[in-house]
Amino acid sequence: IVDFEEFLAIVAKILNDQMPLDPENLIKNFKQHIFYTNLNENFITKLEQYRKIFDKYVFKRDLENKYIQKFGDKKLLMIQLLFEVQSSNEWLVKYLKECETLGDVNEHIGKLEAIDKERMQALIKDKNLEDLLDQGTDTPHYFFYKLDYLLWKKFDNYFEGERYQTVKERYYLTRLNSVEHIQPQIKCNENGFDENAIHNFGNLALISGGRNSSLRDKDVDIKKIYVMKWIEKGESIQSLKMLLALEKYPDWNCKKSFEHREKMIELLKDSLN
């Protein structure tokens, strides 16, 4: 999940916090922060040490893009994917530093959730969370990933029935790139929506560009049929948030989208407590 240059920068930053995570300028940064310092002498030893730690605790993919884990379970994989789908390496610096001091898998998950909590707080800073979320296609993708992670973690509280257990087993966080409006934008003045309300967080979901193209401008009832077919075929659902909206709120309208919005914001805020 990282190439060799990235891993060199990660280990260098573990040893010297001033080292930038910038593989493109690796030689220049390495000279400044490792080579011409007293860290140079033991760097290769440290590189081997952290490579072994990485191999033991961090997931990988095989040539068929399947996940490989030597330690932990799917719960640990999912929190690691929450970072990986956003091309973040900073978490590996913080995690690899402390891996060996952590106990069972729950301690590892707790450490990674604490790192992610710091990231979420930094993203919000002094802003209003609700304002960050109600930006339509400009809503930061992080919040969709985080919410789907939380929905998967608390899956049985939101989805009931054998069909949904299959969804739970097959679901993984994956890199996505397209914000979908559940009530389509072209029908922004129907079902109680207006040009502003159509962009509220309750009416949004993060899916792939291909899925977005197949759903574009279709009525909500038609979208629900598509989603159910994906489940029947054993395909990835991509967005647990959208599945929840379509299942919990039949006859989708503006009022229900705001009810869904409040529930999802509450879940995000709870993760900060």
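User: Is Asp-217 buried, partly exposed or exposed?

Analyst: This is a predicted model, so every value here is computed from it. Asp-217 has a relative accessibility of 38%, so Asp-217 counts as partly exposed.

User: Where is Asp-217 found?

Analyst: Asp-217 sits in a loop. The helix α11 (209-215) lies on one side of that loop and α12 (220-232) on the other.

User: How do I read a phi value?

Analyst: Most residues other than glycine have a negative phi. Now take the case here. Asp-217 has a phi near 65°, a positive value, and is not a glycine.

User: What is the phi of Asp-251?

Analyst: About 55°, again positive and again not in a glycine. Asp-251 is placed in the loop between α13 (240-248) and α14 (254-270). Its relative accessible area is 61%, so Asp-251 is exposed.

User: Now the cysteines. How many disulfides are there?

Analyst: First the idea. A disulfide is a covalent bond between the sulfur atoms of two cysteines. In this structure, the count is zero.

User: Is Cys-254 buried or exposed?

Analyst: Cys-254 is buried, because its relative accessibility is 12%. Cys-99 is buried too, with a value of 0%.

Key: Residues numbered from 1 in each chain as written. Predicted model: local features only at pLDDT ≥ 70, side-chain atom pairs only at ≥ 80, totals over all residues. Heavy atoms only, no water. Disulfide = S-S within 2.5 Å. Buried < 20%, exposed > 50% of the residue type's maximum accessible area, 1.4 Å probe, protein only. Helix = DSSP H or I, 4+ residues; strand = E, 2+ residues; numbered from the N terminus.
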